[in-house]
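Please read it with the structure open.

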Amino acid sequence: MTDDLPLRLSQDLEEAFPDVVSAYQHAVFTVALRMSAQPEDAADISAEAFLRAYTALRGYPPQRIGQLQLRPWLLTIVLNLLRNEARAASRRPAEVGLVAVSGVDDGREGPAEHAQRHDGQARLGGLLTGLAEPQRTAVVLRHVVGLPYAELAAVMGCPEGTAKSHVTRGLHRLRSMIPEETT
Amino acid sequence: MTTVSTHDDRLAGELAGLSSPAPANFQDAVFARWVEVDGPVGALYVAFTDRGISYVCPTQWVGGEQDRFLDLYRSRFGRPLRPANRAPAGLAGALRSGKGAGLPYDLRSVGDFDRKVLAKTLEIPPGEVRPYAWIAREIGHPAAVRAAGSALGRNPVPILIPCHRVVRSDGATGNYGFGPQLKVDLLHVEEVNLEETRGLGRRGVHYVASDTTQVYCYPSCTHARRITPAHRVELANAAAASRAGYRACRHCRPG
């Protein structure tokens, strides 16, 4: 479905860009939500990531666009924005600490189920923020977003084997933080 | 409820559950929308985002070519845009009345100084003009007259934020981003007494006063234009006004 997107983008950026947003907005938003110290800014940061991508694409020659791996490229952009945001926030001390992140309500479940799921998610989301880098990024990209290892390695700028070991160590650390009886 | 075999699978499953769809209105934060509407002197292309109106371009400025407008917008704002089904609420009314102050604007691309200049410009009522120096003084930077002019030249939402109502102190209409003739045409539509203001300027007259109310104004001020010829006093500057014991009009605030 998304295989021909780089080619279509290289032929007509304006025509194909909306499809790029539709195809990857959930992945980009999920990363922003799970990696940001300010999850309430996740939508703004995601939108900014797509605007950066759009501006970059306007300046790229068609051949370069045609060869882009869009998903890892977009996720790299949003991760860079998040790093800049974190750096800026560290210069503004005592604002918000680690926040337990909850999922966005999709309005398709009952209040009881929602509360239960919400609870578990908030707890796990909170634990994720306790992971050190680069394990946190590795676990989020691999298991929350569902990225294949090849793309994970591309985003993290390391060999696949290294990416895998970041994931393994991240999961191990995460498990050690979870009390025995969870949901 | 799925049954999971190992701790790893279960943890992986729970992590996958942390994935979140983007909010329903997410694309409104990425894409701007655009419409073509009737303006006071010809049609306009108007672009807007989820925050407000962000760009206005007379269609004649791009020779009526939609694609040139779209490209101008995309290069200036680095934002993709798509056609809108309808114009933003209040736009037609604001264009008809010449009162744009009530509309939401998206001025994220505009710096602090420029934003102050534009906010001040929004206060100038239709049918009146103010000098560049007035803007500079009113925003607390009386020496920044040229900077105020440059800020107006960069106004992304002309006509709605009426930078055409800011003119030179000598009564000449001055420059305009879309050419000086369009500025003159816009002021004529609003029935500004341009010729009179220019004539006064040429004779070194910058204010007019009433000898009954003892108030002095800019010549285009709605109060100045009500002064009957018998009671009308012409003044070169604020010093002459205060020597005569006149006070500045509270509506047009001439120095």
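How many residue pairs are in polar contact between chain A and chain B? The count is nine, with both residues of each pair at pLDDT 80 or more. The model is a predicted one. Contact between the two chains involves 37 residues of chain A and 28 residues of chain B.

**Interface of chain A and chain B**

- The area buried between chain A and chain B is about 2,800 Å², and carbon and sulfur atoms give 62% of that area.
- Two salt bridges are found across the interface of chain A and chain B.
- E14(A) and R74(B) form a salt bridge, with 3.1 Å between the closest N and O atoms.
- On the side of chain A that touches chain B, at least two residues each are supplied by α2 (13-35), α3 (42-59), α6 (111-129), α7 (135-144) and α9 (160-177) of chain A.
- The largest share of that side comes from α2(A), which supplies 11 residues.
- By residue class, the side of chain A that touches chain B consists of 18 nonpolar, 12 polar and seven charged residues.

**Domains of chain A**

- Chain A is divided into domain 1, residues 1-97, and domain 2, residues 104-183.
- Each side of the contact is made up as follows: 14 residues come from domain 1 of chain A and 14 residues from domain 2 of chain A.
- About 1,200 Å² is buried between domain 1 and domain 2 of chain A, with 69% of this area given by carbon and sulfur atoms.
- Within domain 1 of chain A, the residues that lose the most area to domain 2 of chain A are R34(A), M35(A) and R71(A), which together account for 45% of what that side buries.
- One salt bridge is found across the interface of domain 1 and domain 2 of chain A.
- R71(A) also forms a salt bridge with E151(A), in which the closest N and O atoms are 2.8 Å apart.
- Three residue pairs, both members at pLDDT 80 or more, are in polar contact across the interface of domain 1 and domain 2 of chain A.
- Two or more residues each are given by α2 and α5 (70-91) of chain A to the side of domain 1 of chain A that touches domain 2 of chain A.
- Of these elements, α2(A) gives the most to that side, with seven residues.
- The side of domain 1 of chain A that touches domain 2 of chain A comprises eight nonpolar, four polar and two charged residues.

**Domains of chain B**

- The domain assignment of chain B gives domain 1 as residues 26-192 and domain 2 as residues 194-255.
- A distance of 29 Å separates the C-alpha centres of domain 1 and domain 2 of chain B.
- The contact takes 21 residues from domain 1 of chain B and 17 residues from domain 2 of chain B.
- Between them, domain 1 and domain 2 of chain B bury about 1,400 Å², of which 47% is on carbon and sulfur atoms.
- Two salt bridges are counted between domain 1 and domain 2 of chain B.
- E123(B) and R253(B) form a salt bridge, the closest N and O atoms being 3.3 Å apart.
- Polar contact across the interface of domain 1 and domain 2 of chain B is found for 11 residue pairs, both members at pLDDT 80 or more.
- The elements giving two or more residues to the side of domain 1 of chain B that touches domain 2 of chain B are β5 (130-131), α5 and α7 (180-189) of chain B.
- That side of domain 1 of chain B divides into eight nonpolar, five polar and eight charged residues.

**Salt bridges over all chains**

- The structure holds 19 salt bridges over all chains.
- R108(B) and D106(B) form a salt bridge, with their closest N and O atoms 2.6 Å apart.
- R108(B) counts as partly exposed because its relative accessibility is 40%, whereas D106(B) counts as buried at 7%.
- R130(B) and E128(B) meet in a salt bridge of 2.9 Å, N to O, and both residues are buried.
- R253(B) forms a salt bridge with E138(B), with 2.8 Å between the closest N and O atoms.
- This pair links distant parts of the chain, 115 residues apart: R253(B) lies in the segment after β10 (247-248) of chain B, and E138(B) lies in helix α5 (residues 132-138) of chain B.
- R253(B) is partly exposed, with a relative accessible area of 30%, and E138(B) is partly exposed, with 23%.
- Salt bridges that share partners join E14(A), R58(A), D71(B) and R74(B) into one network.

Conventions: Residues numbered from 1 in each chain as written. Chains lettered and ligands numbered in written order. Predicted model: local features only at pLDDT ≥ 70, side-chain atom pairs only at ≥ 80, totals over all residues. Heavy atoms only, no water. Contact = heavy atoms within 4.5 Å. Buried area = accessible area lost by both parts, 1.4 Å probe. Salt bridge = Lys/Arg side-chain N within 4 Å of Asp/Glu carboxyl O. Polar contact = N/O pair within 3.5 Å; in protein donor to acceptor, adjacent residues only side chain to side chain. Helix = DSSP H or I, 4+ residues; strand = E, 2+ residues; numbered from the N terminus. Nonpolar A, V, L, I, M, F, W, Y, C, P; charged D, E, K, R; others polar. Buried < 20%, exposed > 50% of the residue type's maximum accessible area, 1.4 Å probe, protein only. Domains from an automatic or database assignment.
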